[in-house]
Amino acid sequence: MPELPELNPVIHGKLRLAVLSLLLGIEQAEFTWLREKTGSTDGNLGAQLLKLEEAGYVAVEKKFVMRKPQSVYRITESGRQALADYVQALKQLLGSAITA
Amino acid sequence: MSDQMSSQDLKERIALIEDMIAEARRSTESWGWVFVLWGVAYYVAILGGGIIRNPMVWPLTMISACVLTGVLVAMRKGHSHRNTTIGRAIGSVWIAAGISMFIVFLSLGTSGRIDQHIMVAVLGAMLGSANAASAMILKWKLQFVCAVVWWACAVFACFGKTTPITIVFLTAIFLCQILFGLYAMMMDVRRRRHRGVAHA
């Protein structure tokens, strides 16, 4: 029997998964846009984004627009790959759950 | 971790990924106000041109609409920073169509070779192309219907008489600019109300 794949714990959190999926279909997004789309709080989103950033899955650019701080996030190549691997692992697990 | 995951949990994760990717793509669709703005601009130009009978009414109205669109787009971009490949593709289609129309109508107007037949035919063909390209990118059938209406309007302008052409043109503007724009705005508001929530 083939060994079941492990799910990447960094991506597995619902909010982190939502953020990565949002960034996959978009080139870059502002913090406030991600907050609006995920319906999360500033603190929670900031903490989850930091984990993704530390894992190298997202890159952040901090700048000032009209004297207001703005953080713009984009998914990195390793983030793309990690999400693709995660989806593949999910499909494998689902396949084994159906056949079991 | 895998052992603790139920089939339902796994399916929820897949659904979340699909929802979020779709949500990011839908963000490119909130452009209904541009259709309404340009629909009103066409009406102002047509009515203004008919009442004042000054050849400068059309170019002045179109330039004003261009400036207003640019200012409003800049304000919206400043308000929310997001950029999608689909959004840029659609933006490029409309900017290219806008530049083409500006150059052609400016040249026709300056040379004095423009009449209602040519104007409606060219405008209908250009708007038909831009709407069709945008509809194919977004896979939006309703916008493709608008493209067909504009193309029909362009064909009619080549064969019809002046008064029926005006009526067909005004109807096309109402259906494909104002009504379609209002519908797109309404859909956008509805989508914002029903947006998904993801917690850690």
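Student: Which helix holds L106(B)?

Tutor: L106(B) sits in helix α4 of chain B. Helices here are DSSP runs (H or I, at least four residues), numbered from the N terminus. This is a predicted model: local features need pLDDT of at least 70, side-chain atom pairs count only at pLDDT 80 or more, and totals for chains, interfaces and linings use all residues. Residues are numbered from 1 along each chain as its sequence is written, chains are lettered from A and ligands numbered from 1 in the order written, and side-chain values use heavy atoms, without hydrogens and water.

Student: How do I read two packed helices?

Tutor: Use the angle between their axes and the distance between the axes. In chain A, α2 (residues 14-24) and α4 (residues 42-54) pack at about 70°, axes 10 Å apart. The two helices are therefore roughly perpendicular, a label for angles of 65 to 115 degrees.

Student: How many salt bridges does the whole structure have?

Tutor: The search finds two over all chains. Side chains of opposite charge can pair when their charged atoms come close. The cut-off is a Lys or Arg side-chain nitrogen within 4 Å of an Asp or Glu carboxyl oxygen. E12(B) pairs with K14(A), closest N and O atoms 3.6 Å apart. This pair crosses between chains, from α1 (residues 7-26) of chain B to α2 of chain A. D42(A) and R35(A) form a salt bridge at 2.8 Å, N to O.

Methods. Axes are lines fitted to C-alpha atoms, for helices over the stretch in contact, and angles run from 0 to 180 degrees between N-to-C directions. Angles under 35 degrees count as roughly parallel, over 145 as roughly antiparallel, 65 to 115 as roughly perpendicular and the rest as oblique.
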